[in-house]
Amino acid sequence: FCTLSQFFGKWGSLAMAVNYGTRSLTQLAELPELHQMLRQTCRDYAEKELAPVAGQLDKNHTFPAKQVRELGAMGVMAVEVPESLGGAGMDYLAYSLAVEELSRGCASTGVIVSVNNSLYLGPVLAFGTEEQKQQWISPFTTGEKVGCFALSEPGNGSDAGAASTLARQEGDEWVLNGTKAWITNCWDASAAVVFATTDKSLKHKGISAFLVPMPHPGLSLGKKEDKLGIRASSTANLILEDCRIPLGNLLGQRGMGFKIGMQTLDSGRIGIASQALGIAQAALDCAADYAHKRTAFGAPIARLQAIQFKLADMAVALESARLLTWKAAMLRDAKKPYSKAAAMAKLAASEAATFVSHQAIQVLGGMGYVTDMPAERHYRDARITEIYEGTSEIQRLVIANQVLKEYQQ
Amino acid sequence: MAARVLVGVKRVIDYAVKIRVKPDNTGVVTDGVKHSMNPFCEIAVEEAVRLKEKKLVKEVVAVSCGPQQVQETIRTALAMGADRGIHVEVSGKDYDSLGPLQVSKILAALAKKEEASLIILGKQAIDDDCNQTGQMTAALLDWPQGTFASEVAVEGDKLKVIREVDGGLETIKINLPAVVTADLRLNTPRYATLPNIMKAKKKKITNVKPGDLGVDLTSRLEVLRVDEPPQRQAGVKVETVEDLVGKLKEAGRI
């Protein structure tokens with residue numbers, strides 16, 4: 001008979017648990033030192049450099065170029081990219097922690113970091129040739145350049161298999177035609193991963209992925225969307241009109257596009273879950289702090305059970321979503337299947353973000369409704385997390401699919 | 001040209017934490033409270049790392065005195081660019097009564113052992129605000145000191161230090177080896193980058209006992225009692241300037 005503490009004692013340091021790639025309960029309870037240091041440095045940066053300007057960035061829809069460069073210098077714009085290509089060479093759990101802490105300061109900066117890491121560098125790292133990695137990864141690790149991911153179209157978001165953007169081969173070039181919608185970072189990006197149909201008859205197996213530099217002849221950008229939240233991050237349409245790119249810009253193999261897209265989104269889900277956690281944490285911080293200070297009926301409102309119950313529910317929603325997110329990241333790091341975990345993480349975290357930020361405004365009362373306090377910004381920022389990189393409905397389908405597979409008759 | 005720099009880093013309660021006095025008034029609550037590197041020590045580490053980057057110094061050694069937890073603080077210094085660390089093990093009652101006198105003896109002994117020619121410390125710690133360790137260390141070593149430094153420049157085998165003093169700025173030139181204490185405006189410390197955090201893992205931290213350095217940790221001070229500052233009293237509103245003057249005279253203020 002072996003007690004739990006004896007069992008974990010055998011594994012020695014937490015660092016060893018990481019190397020074994022096992023889902024260690026102790027790792028879920030307390031992070032390894034490396035990750036704690038990373039979390040602290042990102043938290044310090046967010047508190048000092050992001051939180052003070054987040055309101056202004058949001059109000060003026062300003063891309064945080066200076067902060068992105070500083071984050072690039074810290075290695076945060078390319079967490080998983082190996083050092084040989086200019087990245088930080090850390091794991092996905094580290095990346096998740098970084099995005100959460102940065103999003104706690106500024107949700108827009110969080111998504112800019114997440115899209116660059118997961119949606120742009122991710123597929124190139126996973127499917128690119130050595131040459132492509134040199135050309136399309138190294139310049140995008142420093143924060144000087146960011147990339148974007150163009151899958152959605154005006155006619156299809158959730159219905160990704162119905163890509164109507166077309167790519168045809170003409171001599172030694174690909175020619176792309178079509179419109180992509182809702183592209184995060186596009187006004188500030190220097191490259192895009194674009195998905196287009198190369199063989200319409202093969203339906204979703206006829207989609208391919210392409211690397212397109214920006215700006216480029218034949219590529220133009222639609223107007224910047226005027227969004228409810230994450231306003232410092234630019235979102236717009238990408239319009240391709242006889243956009244010609246070299247044959248070597250095909251990412252992976254012809255027809256692999258859907259697979260690349262779905263695999264990339266699986267990872268990206270963990271990034272967005274992390275962003276949602278950061279927003280929820282910021283909202284909870286705001287509400288709890290206010291509850292201590294605001295007095296009503298002769299005492300701080302923190303003494304009232306109605307407020308206490310809200311804070312408890314907020315804390316539980318946040319912490320459970322965080323553990324799901326860490327688990328998904330750890331599974332991915334251990335090269336185990338993580339689709340279900342990632343979908344659960346994104347679903348839980350995004351719904352936690354909207355719930356927590358909603359309740360935070362309630363705790364703040366009138367003060368929650370005005371721009372003097374950040375609660376209203378967290379509420380607006382949170383909403384998108386339930387929509388992009390796979391709507392909550394899609395997440396439910398993914399999860400149900402996985403669950404039913406486990407019980408296959 | 002200083003070959004080796006010793007930088008002292010102290011683990012203190014984080015500056016943002018609300019300090020609470022223990023119910024028995026023997027000290028402040030430290031259990032479960034967030035700790036981090038003393039902000040002035042961060043500035044000291046940053047200055048040392050910058051000197052190394054300018055190739056004016058060959059090695060930066062971070063030193064901290066305390067229990068196991070101070071290794072976190074040393075690792076933060078390593079992540080900022082220090083080359084290796086020394087953990088001087090002090091725990092329990094010895095740690096509770098550890099003060100500038102003992103630490104300066106330890107630093108002086110280490111400076112001799114490590115053949116350091118420059119010691120950079122924070123001007124003071126934000127927990128005890130002593131502002132003594134740098135000065136005592138210099139005295140024990142019979143080295144010159146440049147305290148409250150807002151600028152440090154190496155000029156051959158001398159240091160030009162611009163000091164922040166009450167009247168303004170004072171510029172002095174001191175011979176190496178020397179002790180410098182960092183003031184707020186000396187520099188802005190860098191954020192640890194992810195690659196440096198990874199590298200810090202591989203850098204060495206050696207453990208040393210004060211006894212090995214021939215240092216006696218007995219304190220000459222005894223803390224009798226720790227109290228919270230008095231609660232801020234409500235003010236009094238008056239109607240006219242005459243009333244105000246009257247009240248101030250009553251209180252013996254004018």
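How much area do chain A and chain B bury between them? About 1,500 Å², and 68% of it is on carbon and sulfur atoms; buried area here is the accessible area (1.4 Å probe) that two parts lose on being put together, summed over both. Welcome to this predicted model, in which local features need pLDDT of at least 70, side-chain atom pairs count only at pLDDT 80 or more, and totals for chains, interfaces and linings use all residues. Residues are numbered from 1 along each chain as its sequence is written, chains are lettered from A and ligands numbered from 1 in the order in which they are written, and side-chain values use heavy atoms, with hydrogens and water left out.

**Where the chains meet**
- Chain A brings 19 residues to the contact and chain B brings 14, where contact means heavy atoms within 4.5 Å.
- Leu34(A), Met37(A) and Met74(A) supply 35% of the area that chain A buries against chain B, more than any other three residues.

**Nonpolar cores**
- A nonpolar core is a set of buried Ala, Val, Leu, Ile, Met, Phe, Trp, Tyr and Cys residues joined through side-chain atoms within 4.5 Å; buried means under 20% relative accessible area (1.4 Å probe, protein chains only).
- The largest such core has 159 residues, and those touching the most other members include Val76(A), Phe210(A) and Leu159(B).
- Helix H9 (residues 257–293) of chain A gives the most to this core, with 15 residues; helices (H or I, at least four residues) and strands (E, at least two) are DSSP runs, numbered from the N terminus.
- A second, separate core holds 26 residues, among them Val61(B) and Leu141(B).
- Leaving aside residues up to four places away in sequence, Phe210(A) touches residues including Trp174(A), Leu176(A) and Ile245(A).

**An annotated stretch of chain A**
- An unreviewed UniProt entry annotates residues 148–243 of chain A as "domain: Acyl-CoA oxidase/dehydrogenase middle"; such annotations may be inferred rather than shown by experiment.
- This span is 0% helix and 50% strand, and its end C-alpha atoms lie 17 Å apart.

**The sheet in chain B**
- Chain B has an open sheet of 9 strands with mixed pairing, in the order S9-S8-S7-S10-S6-S1-S4-S5-S11; two strands pair if DSSP finds at least two bridges between them.
- Its edge strands are S9 (168–175) and S11 (205–208) of chain B, each pairing on one side only.
- Strands S1 (residues 4–8) and S6 (residues 118–122) of chain B run parallel and are joined by 3 bridges, with Val7(B) opposite Ile120(B).

Technical notes: Buried means under 20% relative accessible area, exposed over 50%, partly exposed in between (1.4 Å probe, protein chains only).
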